Amino acid sequence: MEDRSAKTVAERWSVLVQSTLQEIQFYLRDLHDELPMKTVHQLRLALKRLRVLLAVLEQTRDGLKQVITLQKSVNKLFEVAGILRDAQVRRGLLEEEHSLHFLLPEADKNVRKAEKRFRMHQKEIKSSTFNFRKSLGNYLLTLDQDNLENAMWYLQLKYLGRIHIRHGIPEDENLHAIRTALKRLVELQKIRIEVGMVEAMTARLEVAKSMAQEIGTWHDHHLLNQYMTRTLRKKGIDEAHRNHVANRQDIQQVRRLELEGLINNWVQETRKAFPD
């Protein structure tokens with residue numbers, strides 16, 4: 001059995017990067033024939049973890065040079081898988097509301113379009129794209145715990161700085177940016193634990209994880225409302241459906257204000273964890 005205690009933080013980091021790359025390769029193979037929503041979701045989770053791992057390395061000496069090519073591949077796959085995931089989630093939400101089933105044919109069409117785009121990108125991915133390169137492994141072993149600790153604290157402060165309500169930009173963009181920063185903070189904490197580093201802000205990040213999930217639910221329904229508005233406008237909207245959309249938008253507005261209150265409270269409490 002592998003002795004984790006004998007490994008340095010850099011060695012554990014190397015193992016985590018390698019296992020995450022293997023996970024991505026596994027899900028890509030699993031998505032060869034069909035594109036089930038659960039597997040697409042698992043692929044995106046692995047890509048999110050790898051993005052944070054690489055973001056930390058980017059802050060280290062010569063790190064950007066080591067990760068930039070892989071970063072580009074990860075970001076492109078994440079984008080294409082995200083378009084597919086959004087289409088699948090939207091279709092699932094419509095399925096849950098019987099009064100909206102007349103929109104399912106259009107939603108199915110959008111899912112097929114997103115699947116086609118994903119398939120096309122899959123074909124462009126080289127077999128070696130998500131391999132763990134020896135040069136990256138060798139570079140990781142040149143880092144010590146202080147290198148990684150400093151890089152993680154820099155990113156943690158960077159992400160914390162993005163968590164605030166900004167006025168003058170669309171509400172969905174604002175909350176989506178906040179959700180992304182929250183999830184990256186949570187992922188940083190998971191990585192800390194995985195590589196055996198001292199945990200930081202554990203209690204505050206548990207709340208952050210919950211908030212990110214709630215914002216995600218809000219965002220899914222917000223995208224559905226936008227989709228409904230566009231699609232019904234094309235089809236010619238009747239009074240009943242116009243009222244249905246308006247009611248959903250009112251509910252979303254109330255929930256948005258609640259989320260903004262939660263975010264402001266979280267920021268104030270979290271700032272107390274840092275010295276002035």
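The legends below describe close-up views of a predicted model.

Local features are given only where pLDDT is at least 70 and side-chain atom pairs only at pLDDT 80 or more, whereas totals for chains, interfaces and linings use all residues. Residues are numbered from 1 along each chain as its sequence is written, and side-chain values use heavy atoms, with hydrogens and water left out.

**Figure 1. Overall fold of the chain, with nine helices and zero strands.** From the N terminus on, the elements run α-α-α-α-α-α-α-α-α. Helices (H or I, at least four residues) and strands (E, at least two) are DSSP runs, numbered from the N terminus. The C-alpha atoms fill a box of roughly 65 × 50 × 35 Å, taken along the principal axes. Of the 276 residues, 43% count as buried; here buried means under 20% relative accessible area, exposed over 50%, and partly exposed in between, with a 1.4 Å probe and protein chains only. The chain exposes about 15,400 Å², of which carbon and sulfur atoms supply 50%; accessible areas come from the Shrake-Rupley method with a 1.4 Å probe, and for residues only the protein chains shown count as cover. Among contacts (heavy atoms within 4.5 Å) between residues at least 6 apart in sequence, 77% join residues at least 24 apart.

Figure 2. pLDDT is the predictor's confidence in each residue, from 0 to 100. Confidence is highest in helix 2, at a mean of 96, and lowest in helix 9 (residues 239-271), at 82. Over residues 1-6 the pLDDT is below 50, and this stretch has six contacts in the model beyond near neighbours in sequence. Where pLDDT is low, the predicted coordinates should not be read in detail.

**Figure 3. The largest pocket, with a volume of about 1,000 Å³.** Of the 33 residues that line this pocket, R44, K48, F78, R179 and K183 are the closest to its centre. Two or more lining residues come from each of helix 2 (37-58), helix 3 (63-96), helix 7 (171-194) and helix 8 (202-235). Helix 7 gives the most, with ten residues. By class, the lining holds 15 charged, ten nonpolar and eight polar residues. Ala, Val, Leu, Ile, Met, Phe, Trp, Tyr, Cys and Pro count as nonpolar, Asp, Glu, Lys and Arg as charged, and the others, Gly among them, as polar. On a 1 Å grid over the protein atoms alone, a pocket is an open set of points with protein on both sides within 12 Å along at least five of seven lines, a cavity is a set of points where a 1.4 Å probe fits but cannot get out, and lining residues have an atom within 4 Å of a point. Grid points are joined across faces, edges and corners, and a volume is the space filled by probe spheres set on the points.

**Figure 4. The second largest pocket, with a volume of about 290 Å³.** Helix 1 (9-30) and helix 4 (104-124) each supply at least two residues of the lining. Among the lining residues are Q25, L28, R29, R119, Q122 and F130. The lining divides into four nonpolar, four polar and four charged residues.

**Figure 5. The largest cavity, lined by D86, V89, R90, D220 and L223.** The structure holds one cavity of 30 Å³ or more, and about 30 Å³ of space lies in the largest cavity. Helix 3 and helix 8 each supply at least two lining residues, and helix 3 gives the most, with three. Three of the lining residues are charged, two are nonpolar and none is polar.

**Figure 6. D62 in the loop between helix 2 and helix 3.** Phi of D62 is near 65 degrees, a positive value in a residue other than glycine. D62 is partly exposed, with a relative accessible area of 43%.

**Figure 7. Q252 and N264, with Q252 placed in helix 9 and N264 also in helix 9.** Q252 counts as buried, at 11% relative accessibility. Not counting residues up to four places away in sequence, Q252 touches W218, H221, H222 and N225. N264 is partly exposed, with a relative accessible area of 36%. Between N264 and G137 the C-alpha to C-alpha separation is 41 Å in space, and the two are 127 residues apart in sequence.
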